[in-house]
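Hi,

Here is the structure we talked about, with a few notes to read alongside it. Have a look first, then carry on below.

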Amino acid sequence: MILTLGAWTPDLTKGLGWHPSVFVKRGYHMHYAPTAPAEPAMALLDADAGYVLAPMRQGLRLTTGAEFAPRDAPASPIALDRAETAARRLYPALGARLDPAPWLGQRPCTADMLPIVGPFPRGSGLWLNFGHCHQGLTLGPTTGRLLAQLMGGEAPFTDPTPYAPARFSR
Ligand SMILES: Cc1cc2nc3c(=O)[nH]c(=O)nc-3n(C[C@H](O)[C@H](O)[C@H](O)COP(=O)(O)OP(=O)(O)OC[C@H]3O[C@@H](n4cnc5c(N)ncnc54)[C@H](O)[C@@H]3O)c2cc1C
């Protein structure tokens with residue numbers, strides 16, 4: 001069995017006596033109606049203000065940077081309001097909000113910002129693959145390949161030591 005529950009994985013492993021050092025960085029998305037005749041043809045990154053504005057089928061998607069908050073804390077309006085204010089300065093044609101509420105996601109981050117991939121440190125036949133921090137979409141196929149090789153007893157394509165769950169020994 002493989003546990004791949006992202007930021008929720010420690011909820012299960014704590015019950016089995018293993019407490020990995022995991023925290024979350026949260027982020028918000030909101031779609032806006034474009035009001036200009038031509039919306040941006042590609043995503044815009046405003047690195048100074050820390051947001052991305054991207055044309056999507058649902059509208060112009062504004063994504064915020066990272067928010068440090070407890071995983072299950074209520075959503076805060078601050079990050080999105082700040083990003084929206086900055087985006088309206090850069091792109092005044094940004095229209096009204098389209099979603100009833102912002103999308104809120106939790107990035108599962110580890111103390112060393114590396115994913116947790118490999119056998120459960122307390123045995124029992126469990127395997128782990130989570131904690132991809134900011135790069136879950138990018139790294140998922142690669143860590144999936146590594147885990148499959150470890151589970152199958154094959155030579156791994158890369159050294160699995162930096163990602164070993166046992167580095168968090170509590
Ligand atoms: C704001 C934001 C920006 C991001 N930007 C990028 C980026 O630029 N590049 C990139 O590569 N990746 C990006 N990501 C992806 C991010 O790295 C991944 O979301 C992260 O690594 C988590 O992926 P995951 O599949 O492990 O967990 P998740 O996608 O969080 O999936 C875990 C799932 O487990 C479910 N679950 C929890 N408990 C239980 C249970 N008891 N039983 C059954 N199911 C359960 C949850 O509902 C959830 O669906 C971003 C994510 C966020 C939130």
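Is Asp72 buried or exposed? Asp72 counts as exposed, because its relative accessibility is 57% (buried means under 20% relative accessible area, exposed over 50%, partly exposed in between, with a 1.4 Å probe and protein chains only). Its salt-bridge partner, Arg71, counts as buried at 18%; the N to O distance in that pair is 2.9 Å.

Before going further, some ground rules: this is a predicted model, where local features need pLDDT of at least 70, side-chain atom pairs count only at pLDDT 80 or more, and totals for chains, interfaces and linings use all residues. Residues are numbered from 1 along each chain as its sequence is written, and side-chain values use heavy atoms, leaving out hydrogens and water.

The whole structure holds seven salt bridges (a side-chain nitrogen of Lys or Arg within 4 Å of a carboxyl oxygen of Asp or Glu). Glu84 sits in helix α2, residues 78–90 (helices are DSSP runs of H or I, at least four residues, and strands are runs of E, at least two, numbered from the N terminus). With 13% relative accessibility, Glu84 counts as buried.

Within α2, Glu84 forms a salt bridge with Arg88 at 3.2 Å, N to O; the two are four residues apart, about one turn of the helix. Arg97 also forms a salt bridge with Glu84, at 2.7 Å. Arg97 lies in strand β7 (residues 94–97), so this pair ties together parts 13 residues apart in sequence. Shared partners join Asp81, Glu84, Arg88 and Arg97 into one salt-bridge network.

Best wishes
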